[in-house]
There are 2 protein chains.
Amino acid sequence: MEKNYRKMWESSFAKRTERLTGSVIRELLKITQCPDVISFAGGMPAPEFFPKREVEEACRHLIPTKGEVMLQYGATEGITELKEFLSRKMRKYGVPADPENILLTCGSQQALDLIGKVFINEGDRILISEPTYLGALQAWKLYGPEFITCKMDDDGVIIEDVEKSLKKGPVKFMYMLPNFHNPAGVTISLDRRKRLVELAEEYNTFIVEDDPYGELRYEGEHITPLIVLEKERVIYMSTFSKTLAPGFRLGWIVAPEFTLGKIIQAKQGADLHTGTFVQYIANDICQRGALKAHVEKLCYIYKERRDVMLQSLEEYFPKEAKWIHPKGGLFLWVTLPEDVDCTALFEMAKDNKVAFVPGFAFYPYEGGKNAMRLNFSNTTPDKIKEGIKRLGEMLKEKL
Amino acid sequence: MEKNYRKMWESSFAKRTERLTGSVIRELLKITQCPDVISFAGGMPAPEFFPKREVEEACRHLIPTKGEVMLQYGATEGITELKEFLSRKMRKYGVPADPENILLTCGSQQALDLIGKVFINEGDRILISEPTYLGALQAWKLYGPEFITCKMDDDGVIIEDVEKSLKKGPVKFMYMLPNFHNPAGVTISLDRRKRLVELAEEYNTFIVEDDPYGELRYEGEHITPLIVLEKERVIYMSTFSKTLAPGFRLGWIVAPEFTLGKIIQAKQGADLHTGTFVQYIANDICQRGALKAHVEKLCYIYKERRDVMLQSLEEYFPKEAKWIHPKGGLFLWVTLPEDVDCTALFEMAKDNKVAFVPGFAFYPYEGGKNAMRLNFSNTTPDKIKEGIKRLGEMLKEKL
């Protein structure tokens, strides 16, 4: 591009784009997409278990009968049938969501962006755990908040840390991933969940509860979601990306009706509505009970993969490495001695044809240098073993 | 909701949400969705002609063979095959778009929102025609620009008006709908297109060229798009919503690679990527040549509907009414004597079971009081005749 044109475009970008950065993960993924690389880097479901037959069946009988509504424009809120299904489904877990409290979104990434749009003023303080989901950081950074970070342990975010931060000054909201945290893998205990909603009340703020993996629990008992403990102060969000198929781009938000109204207005301007075609397909699969059966199958498969990864870590990783035992979800978080630089390690791993995400990607400012996120859902057991072995040998050499 | 909670949420909304308004059309549509209302209000394709068979066929052979990639996460830019198809297709019209210049979006509404996000600072001056597409107003208002409006005649936006506005001060960009303008129905002549790109050069600004209806031409010759006249100063956007199916939510942006890079980053944070599932289906239909055949069919059908509407206006509308003769697209714009209030008329029309969009909806500040937008694609010829007759009788009584 000629210099003058480039100058014109550069000077045309809005000020907020200075805060715009590409996702580190997406750049990494490009590197790791070679078929001979064993990648623990993404957060993708196992494609070999996608419910292809169910999707095909849904298409076959829906298109001739409902094609005219599936292919047409739809309501911004989403299709009624699917909202009703989600309402019933969530009510089983005590989530007090009527169809009027639900908005279908283009994946839960869009839910994060809409929350940023509707709530974040420049300079607003947003309380997050550290590390945290990098998609949230990416979506929200654009709106210019200050991230207030709280540490985590095996029971999730540390309440004393949260309280200390709240005392320092008002926060716009707290962002929590209570189940099988991405990337940390930990789950917030019931006691802490109760304290979190109490703190929201005490400090007159609200909580964004991000729950993409809640159904993928491999052991232990379901723990009451934050929104069940306090529906008036929680915006809840989840997705079909991990349970059904990310290629549909189908997620949802639950919020008090008054609040959801604003989010719906923002969604109208953002893309009018979520695809009707994929909503009807997802709805059909849900209504026939096929999603439930599919999730059960996924739990069985992913549990095995998690177990193989845990065993392999035990077997091949140096004793200095620490990792958590996730009770569900897709991720394991490994911490190495403080002097280990996982970004340099990533480069070495590339040569050994194995990949992970360096921990720094999950920190808004700095941190995570000596940590790595490992995904176990997207790799077969034998490859998990082989990949962890390669990483372990590399680490032992290094330490 | 209890007063205290409501107060908490209200005080949590970001400042920009004060500029957030629901779409007038979406509210109107709710009223007009009763099956016995003849509605010229929406901008929807004729559902009875959706290519259901082609979509079903695509699903049937794609899901078993490509299900694993169709249902998985994809690249933010969109799938390569579809970008390649769009590149070839646009090159036929002289649009110099390589796959690297194309980003698939969630309908062209998302393209508008991303442009707002990437370019508009509060207070930026955006040059638009008056009336203009209300989805653009809705998407951009949130970012707080000042809209500089230019009048139109039968050859599109009036160049002297554009030049006068540019002389008054810098504009961030000019927003143009060159083909079969929504809502005005007019097409910008080639001479004026040439002048527009010259003015962009002279005043060192750029043009957003919104072209959802370009292929739906019922008479006359194709006119060179603005991006062909000056690729370095134009962001072009189009959609599959009018040619294939709006329920897929599939549109695209063409921009210089450097500029598109920023838009892609914004898209990552907004929703990661556009649905892979629907991209593969659309691609399959395109590659088999079925889209081209379908568009030819649509042109035949919509031309008939337009003609019936024009004839009916001639027959039933009072002589004081003026309307344009659109050479394509979906809309007709009717102007009534200055003292007629089309919003009041809309209420009367509702009682007569016929609907349209009052003109004011297409003005950023005020105007359009005595105008109405009529859609002809979504109603069968006999109903068009009946609806226009009802409106005409009402008008004659009123005038």
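User: How many bridges join β11(B) to strand β12 of chain B?

Analyst: This is a predicted model. In chain B, β12 covers residues 331-335, and β11(B) and β12 run antiparallel. Within this part of the chain, B:K322 stands opposite B:T335 in β12(B). The number of bridges that join β11(B) to β12 is two.

User: Which are the edge strands of the open sheet in chain B?

Analyst: The open sheet has four strands in the order β11-β12-β15-β14, with antiparallel pairing. An edge strand pairs on one side only. In chain B this applies to β11 (322-323) and β14 (357-358).

User: Is α7(B) roughly parallel or roughly antiparallel to α8(B)?

Analyst: Helix α7 of chain B spans residues 159-168 and helix α8 of chain B spans residues 190-202. Their axes come within 10 Å and cross at roughly 10°. Angles under 35 degrees count as roughly parallel. Therefore α7(B) is, relative to α8(B), roughly parallel.

User: How many charged residues are in the contact of α7(B) with α8(B)?

Analyst: From α7(B) the contact takes B:I159, B:V162, B:E163 and B:L166. The α8(B) side consists of B:R192, B:R195, B:L196 and B:L199. Divided by class, the contact has five nonpolar residues and no polar ones, and the charged residues number three.

User: Which element gives the largest share of the side of domain 1 of chain A that touches domain 2 of chain A?

Analyst: Chain A is divided into domain 1 (3-51 + 292-398) and domain 2 (73-288), with 23 Å between their centres over C-alpha atoms. In the contact, 32 residues of domain 1 of chain A meet 33 residues of domain 2 of chain A. On the domain 1 side, α12 (290-316) and β12 (331-335) of chain A each supply at least two residues. The largest share, six residues, comes from α12(A).

User: How many nonpolar residues does that side of domain 1 of chain A have?

Analyst: The side of domain 1 of chain A that touches domain 2 of chain A includes seven polar and six charged residues. Its nonpolar residues number 19.

User: Which helix gives the most to the side of chain A that touches chain B?

Analyst: Between the chains, 70 residues of chain A are in contact with 70 residues of chain B. By class, the chain A side has 34 nonpolar, 22 polar and 14 charged residues. Helices that each supply at least two residues include α1 (3-12), α5 (107-119) and α10 (257-271) of chain A. The most, 10 residues, comes from α3(A).

Conventions: Residues are numbered from 1 along each chain as its sequence is written. Chains are lettered from A and ligands numbered from 1 in the order in which they are written. This is a predicted model: local features need pLDDT of at least 70, side-chain atom pairs count only at pLDDT 80 or more; totals for chains, interfaces and linings use all residues. Domain bounds come from an automatic or database domain assignment. Two residues are in contact if their C-beta atoms, placed from the backbone, lie within 7 Å. Ala, Val, Leu, Ile, Met, Phe, Trp, Tyr, Cys and Pro count as nonpolar, Asp, Glu, Lys and Arg as charged, and the others, Gly among them, as polar. Axes are lines fitted to C-alpha atoms, for helices over the stretch in contact, and angles run from 0 to 180 degrees between N-to-C directions. Angles under 35 degrees count as roughly parallel, over 145 as roughly antiparallel, 65 to 115 as roughly perpendicular and the rest as oblique. Two strands pair if DSSP finds at least two bridges between them.
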